[in-house]
2 protein chains.
Amino acid sequence: MTNRPRVLIIGGGYAGIMLAKGLRNSPFQVVMVDRHNYHAFQPLYYQVATGGLEPDSIAFPLRKMFARQENYVFRIAEVQQIDTENKTAHTSIGEISYDYLVIATGAVTNFFGMKEVEANGMSMKSIPEALDLRSLILQNFEQALQEVAEGRDSLMKFVIVGGGPTGVETAGALAELKRHVLPNDYPELDLRQMEIHLIESGDRLLGGMSEKSSADARKALEDLGVHIWLDTRVTGFDGKLITTAGGEDFYASTLIWAAGIKGALPEGMPTESVGRGNRLQVDQYNLVKGHEHIYAIGDIALMAGGDAKYPNGHPQVAQVAIQMGKTLSKNLIRLHNGAPLEGFSYQDPGSMATIGRNKAVADFPQGLHLKGLIAWLAWMFVHLLFLIGGRNKLVVFVNWVWSYFTYDKGTRLIIRPFKRKKVAEPAAQGV
Amino acid sequence: MTNRPRVLIIGGGYAGIMLAKGLRNSPFQVVMVDRHNYHAFQPLYYQVATGGLEPDSIAFPLRKMFARQENYVFRIAEVQQIDTENKTAHTSIGEISYDYLVIATGAVTNFFGMKEVEANGMSMKSIPEALDLRSLILQNFEQALQEVAEGRDSLMKFVIVGGGPTGVETAGALAELKRHVLPNDYPELDLRQMEIHLIESGDRLLGGMSEKSSADARKALEDLGVHIWLDTRVTGFDGKLITTAGGEDFYASTLIWAAGIKGALPEGMPTESVGRGNRLQVDQYNLVKGHEHIYAIGDIALMAGGDAKYPNGHPQVAQVAIQMGKTLSKNLIRLHNGAPLEGFSYQDPGSMATIGRNKAVADFPQGLHLKGLIAWLAWMFVHLLFLIGGRNKLVVFVNWVWSYFTYDKGTRLIIRPFKRKKVAEPAAQGV
């Protein structure tokens, strides 16, 4: 479309959008493709799934984000194959050539090859998946009303696998539904029979955070009635029975899988470029190993050794993606101008996880650890800050304030009923 | 569950919920079934479809609405057959017996037997349908980017059939998208080529309102660039070509059908109870003709002759449903107490329709007619008033204020891509 060199960005997550923004007013043409027409804020998926937020408030249209950036072109497309030789991406809408390719495809759920768990478990790596989980949680209670004891117990038992932030936050949100919301909605059910189990294969929750945060999160969840199983590895789930390596079994209808991710690798990248976790090995400039015009940023990038503080690569979190996107935009401009490049160096702003009202944990650099109300307020502040769009911030804020004072979650709606794949149909299948 | 006489209400629309509320603290047990777990506010579906509102803000969980009403029981269920002899409803979750049955099932889209239009046209009688339409509108523009002239024209042409409030409001909202939003989102397209056609078979728009309102609405829409076709009857739509009785053809990908509704009649009601528009004939107490324990209220009820001011039945609007639900609740209690019943008499509070920012029309009793800014403010006030739930009111208000000052519609998200039934697949089919 222009004679400017073209940067093709695959993915409109944080890495992709920060790169595209950084290339505003640059000599490049920026072409972005994504399967969706929006950027979504993954850290709040769990609140969509547990009826606390509407999906529309945590997603932002990509076209709107770049409406005033004249060198930006967007297309909804799925990349089917990258042809590194001809510098072309084959996509669902045809071929797109590039001068520089930036792979910012993020990560997908990793079931570690357990097909049965994948078929029967729920995951939360997209907005439709979060909505499916919301529907299923509510459908379970609707169906429980129609069941006798055994089936009812199973429908009211929620097993969350993975003790990272997603697992911890989901367990906390479910515990609050159990405490404040569901007893009013389902007076016919004895909500004491609702069980929430959080299973972690490691020896502590929030393994990426401090020991203090792990301990505080554990205590906060246990106070909310969540059953925590450490050093426990799930091996199977047929839709009814969850099995573990240690021999503990859980009869539960719902398994929420938050135990692992892997790089969302596009087809066509040679295997020698791929490293641990299905991620693309990159150097300190995010250049993919063995390529001269292909970069990878965000969750898909594995920068082992490039950043002195992170010899084994960076954590797969939003802040790394944001900083990699920004740095790469500067380096591409430097490259174009023949200026020396600057290697990536991650500035960790800290990490946090919320458990429930007035309950959160936060670790900051220099060893500062916060918990309780102040950590919870910090968590909300930071999440509102990084959520994109003034309307979104306002709507999320309204929802949070409303929930805080009413002890309610406002969006308990089964808009599109979820149809289970293998096990018996839930009661509610209305259109 | 109790020895109280059971009132089974089918449908959680306005008629059903006002009846159930009126039976609070009554001697009855109230059992409500609905296909959805929420009450939805139909007058704002068009704003969901045109990216102005999130669906979660115009729907309210039925369980929450009645959380403190101890004689209320809710089930998600579809009624398959009513067995009037055994006073039982056969449903998707089993048999439900009743002492009194109240049919409050509302209305569904009426395609007047045109299967082809039904298969290829879009309607807006449920939240999932409104979301499908939102997706399709956006998908059309995404696909238009990939097309040459002819296909592009067809994708950018929107034909709305039906000049009632839904058709008028949808046409106005699309015209505002064309004017304020889409040119920023799609700088590659020439938005002057986007056409919005509103087709009405009668000789004026808003046939249920005053002549002044019809004329004002027509002028306001024409000012926004909407093409209006009166006395024009659509006869077919194969997914590409819309044909009319007068011989005008429209090559358009999208037909939005807002031209008629019919009663959502449950199976099992004898044909002699059914009147015009597939509605159930009721007397002045909303008792269904030929039955002693079956009532019908709201859009499904046809009270011909029962209400002196409305000898041919009432308009199928929310206010009639609200008042019928309230009146029936009082009459059922009177019936139980052996007190004399009171016939239904509709108090028309007026009617209104909005065209766009600062543009609306309103007719009030005693012949008062409003237009422009004041009618528009009145429209917003009344809609916020009748929208159920404080959180919903607040979120809708935030969206409206935000849109007013930014000239933007915030929720242009293709969350679940719509798959057309017959015609070619749209470009975007990402998960």
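**View 1. Contact between domain 1 and domain 2 of chain A.** Within chain A of this predicted model, 4 residues of domain 1 are in contact with 5 residues of domain 2. On the side of domain 1 that touches domain 2, 3 residues are nonpolar and 1 is polar, with no charged residue. Domain 1 of chain A is made up of residues 6-35, 77-109 and 261-337, whereas domain 2 of chain A comprises 115-259 and 357-406. Taken over C-alpha atoms, the centres of domain 1 and domain 2 of chain A are separated by 32 Å.

**View 2. Contact between chain A and chain B.** Chain A and chain B each contribute 43 residues to this contact. On the side of chain A that touches chain B, at least two residues come from each of β4 (59-61), α3 (62-65), β5 (72-76), α5 (127-144), α7 (165-185) and α11 (390-406) of chain A. The most is given by α11(A), which supplies 6 residues to that side. By class, the side of chain A that touches chain B holds 21 nonpolar, 12 charged and 10 polar residues.

**View 3. The largest nonpolar core and the surroundings of A:V102.** The largest nonpolar core contains 272 residues. Those with the most contacts inside this core are A:V102, A:I297, B:V102 and B:I297. Leaving aside neighbours within four places in sequence, A:V102 is in contact with A:V7, A:L8, A:I9 and A:L19, as well as with A:Y295, A:I297 and A:L328. In soluble globular proteins, nonpolar side chains tend to be buried together.

Notes:
Residues are numbered from 1 along each chain as its sequence is written. Chains are lettered from A and ligands numbered from 1 in the order in which they are written. This is a predicted model: local features need pLDDT of at least 70, side-chain atom pairs count only at pLDDT 80 or more; totals for chains, interfaces and linings use all residues. Domain bounds come from an automatic or database domain assignment. Two residues are in contact if their C-beta atoms, placed from the backbone, lie within 7 Å. Ala, Val, Leu, Ile, Met, Phe, Trp, Tyr, Cys and Pro count as nonpolar, Asp, Glu, Lys and Arg as charged, and the others, Gly among them, as polar. Helices (H or I, at least four residues) and strands (E, at least two) are DSSP runs, numbered from the N terminus. A nonpolar core is a set of buried Ala, Val, Leu, Ile, Met, Phe, Trp, Tyr and Cys residues joined through C-beta atoms within 7 Å. A residue is buried if 20 or more other C-beta atoms lie within 10 Å of its own, exposed if 12 or fewer, and partly exposed in between; C-beta atoms are placed from the backbone.
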